[in-house]
Amino acid sequence: MRRSKDISAGLLAFRRRSELEVLLAHPGGPFWAKKDDGAWTIPKGLLEPGDDLVAAARREFSEETGLTASGDLIALEPVNQKSGKVVHAFAFEADFDLAGFASNSFEIEWPPKSGRRQSFPEIDRVAYFTLDLAMTKIIAYQQPLLRELEERLG
């Protein structure tokens, strides 16, 4: 049974180099394969009944990236998708070695109406971006997360 309003939780990793950089994830699968600008996201996922926001955000980050988030989290203001889904995000500082990246997968019928099912990674790649470039890469409804992070760390 679906909630009237789905809730997701995710993590926004950042590191301090010559500029502030954030870790974004590119969705996997055929729909996103040729999309780049405006397609990237923070690693996130739906809450299950009874889930704690922080625990769910850490779990989803780990499932989608193969990386482990540790340390203090900065709660950011939730953002809303056009569908009405609310996304709760937490930022944390981490300079990951992205060679350890690995994502879970999902299965869909592909090509459509072919009767064949194929498996695709939920996330096909992750990368650190400077905030300016990240504002171009990230899906529009998540841009306020980047602005808030910049203001809070300013």
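Here are some notes on the strands, salt bridges and surface charge of this predicted model.

1. Strand 2 has an antiparallel neighbour in strand 1 (residues 7–16), to which three bridges join it. Arg 15 has Glu 21 of strand 2 as its bridge partner. The link from strand 1 to strand 2 is a hairpin through three residues.

2. Strand 9 (residues 123–130) also runs antiparallel to strand 2, and seven bridges join the two. Within this pairing, Val 22 stands opposite Phe 129 of strand 9.

3. Because Arg 15 belongs to strand 1 and Asp 95 to the loop between strand 6 (86–93) and strand 7 (105–109), the pair ties together parts that are 80 residues apart in sequence. Arg 15 counts as buried, at 12% relative accessibility, whereas Asp 95 is partly exposed, with a relative accessible area of 47%.

4. A salt bridge also forms between the side chains of Arg 125 and Asp 36, at 3.8 Å from N to O. Arg 125 sits in strand 9 and Asp 36 in the loop between strand 2 and strand 3 (44–46), so this contact ties together parts that are 89 residues apart in sequence. Arg 125 is partly exposed at 33% relative accessibility, and Asp 36 is partly exposed at 29%.

5. The side chains of Asp 51 and Arg 59 meet in another salt bridge, 3.1 Å from N to O. Asp 51 has a relative accessible area of 24% and is partly exposed; Arg 59, at 28% relative accessibility, counts as partly exposed. Elsewhere, salt bridges that share partners join Asp 36, Asp 37, Asp 124, Arg 125 and Lys 137 into one network.

6. On the surface, Glu 19, Asp 132, Glu 150 and Glu 151 gather in a patch of negative charge. Asp 132 is part of helix 2 (residues 131–137) and is exposed, at 63% relative accessibility.

7. Last, a look at helix 3 (residues 143–153), where Arg 147 lies. Arg 147 is partly exposed, with a relative accessible area of 39%. From Arg 147 to Ser 114 the separation is 33 residues in sequence and 43 Å in space, C-alpha to C-alpha.

Key
Residues are numbered from 1 along each chain as its sequence is written. This is a predicted model: local features need pLDDT of at least 70, side-chain atom pairs count only at pLDDT 80 or more; totals for chains, interfaces and linings use all residues. Side-chain values use heavy atoms; hydrogens and water are left out. Two strands pair if DSSP finds at least two bridges between them. Helices (H or I, at least four residues) and strands (E, at least two) are DSSP runs, numbered from the N terminus. Patches are made of residues with over 30% relative accessible area and no salt bridge: like charges are joined within 9 Å, nonpolar side chains (Val, Leu, Ile, Met, Phe, Trp, Tyr) within 5 Å. Accessible areas come from the Shrake-Rupley method with a 1.4 Å probe; for residues, only the protein chains shown count as cover. A salt bridge is a side-chain nitrogen of Lys or Arg within 4 Å of a carboxyl oxygen of Asp or Glu. Lys and Arg count as positive and Asp and Glu as negative; His and the chain ends are not counted. The place of a charge is taken as NZ of Lys, CZ of Arg, CG of Asp or CD of Glu. Buried means under 20% relative accessible area, exposed over 50%, partly exposed in between (1.4 Å probe, protein chains only).
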